[in-house]
Amino acid sequence: KSHEELLIPSTPCRAKTNVMFLKTHKTASSTVLNIMFRFAERYNLTVALPAGQLVHLGYPKTFLASFVEEFQVIGQNYNIMCNHLRFNPSEVQKVMAANTFYFSILRNPIPLLESSYVYYKDSVPAFRISKDVNEYLASPMKYYHPEDYKQNIYARNIMWFDFGYDNNAENNKKYIQAVLKEIEQNFHLILIADYFDESMILLKHILCWDLDDVIYFKLNSRSQDTVQTLTLKSKEQIKAWCSLDWKLYLHFNQSFWRRIEETIGFEKLEKEVNHLRMRQKELMETCLSDQEAVGKDHIKNKALLPFQSGATDILGYNLKQDLDNRTLRTCQKMVMPELQYTSYLYAVQHPHKKRKQLGLPLLWTSFQEK
């Protein structure tokens, strides 16, 4: 401990271990999911995993408790829930303990929409039939047909949808205020992806976790060359086209900084963010053969290849060759993509169930034997 820390009488707090994370789309949420999974393993917690062969909790259907593996047996005794689902508080409460901490993450809708566009280019009709993101935004209604609303959820107000609301609702002030209030009642904390490190420090403080619990390598990001440049006009258009998400973001971006001020203060925040980045750099030097994420064609161990989508090149990592077993485990977990990690935890938690078939060479043995 440093001299300063000894002077402040610290009130010891216990790490919160009942935590529900609403995983939103294209918001750095895969990185948060990895943090949650590692935490669950560290404390030997029960994770509410998708039932059967699913890799998400019924998304985009509105969540039901029955989407969770063994819910009939385990009941309201899960500690961690963090796979994709469309939020439905009454059903989530059947699964999670009464004292569960609820949090989620939002991202500025401007970079968010561009990210969605490239990632879901092939699967979303509105994106598929437009040439590029700027053409789409110049006249979205030309491409976005209401009857395709189920396939087009990523094309408009995706965060609003993930929180369980109608992403095609009218931009009505009273309605928006009511939804924001409801989200505030359902969630203890909303993080902001655009300030990811600050978010991790705030999360660590509020949940009483350690720095190593929130250390991460950025997962599921894509190569720069697949990013499309938005025109100024497109950026303005997103605020109007995704006005529900825009209001959501503005509201919780404000409360986020208020919360930082009340909980940590900006001076301490800066110190801790630097500390986090130093520790992250240290771990990257320990674990990775290349000091950065690499494109899909450069990932040597195919078991660690992230799911590829749309016109993206989703980046992954190469681990150093000569790591001792314990370090190797730690490093593997840090870089394990979402589908592989979900599938791995599922095999550990439900050993008698049929494994999830991901169509990937999952090197189970290498993860499980030691």
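A residue is called buried when its relative accessible area is under 20%, exposed when over 50%, and partly exposed in between (1.4 Å probe, protein chains only). The model is predicted: local features need pLDDT of at least 70, side-chain atom pairs count only at pLDDT 80 or more, and totals for chains, interfaces and linings use all residues. Residues are numbered from 1 along each chain as its sequence is written, and side-chain values use heavy atoms, with hydrogens and water left out.

**Loop between strand 1 and helix 2**
- Helices (H or I, at least four residues) and strands (E, at least two) are DSSP runs numbered from the N terminus.
- Lys-26 lies in the loop between strand 1 and helix 2, and it is buried because its relative accessible area is 14%.
- Although Lys-26 is not a glycine, its phi is positive, at about 60°.
- Ala-28 belongs to the loop between strand 1 (19–22) and helix 2 (29–42), and its 32% relative accessibility makes it partly exposed.
- Beyond its neighbours within four places in sequence, Ala-28 is in contact (heavy atoms within 4.5 Å) with Ala-193 and Phe-196.

**Loop between helix 2 and helix 3**
- Pro-60 is in the loop between helix 2 and helix 3 (71–74), and the peptide bond from Tyr-59 to Pro-60 is cis, with omega near 5°.
- Glu-70 is found in the loop between helix 2 and helix 3; its phi is positive, near 65°.
- Glu-70 counts as partly exposed, at 28% relative accessibility.

**Nonpolar core**
- A nonpolar core is a set of buried Ala, Val, Leu, Ile, Met, Phe, Trp, Tyr and Cys residues joined through side-chain atoms within 4.5 Å.
- The largest nonpolar core has 117 residues, and those with the most contacts inside it are Met-81, Val-95, Phe-103 and Tyr-136.
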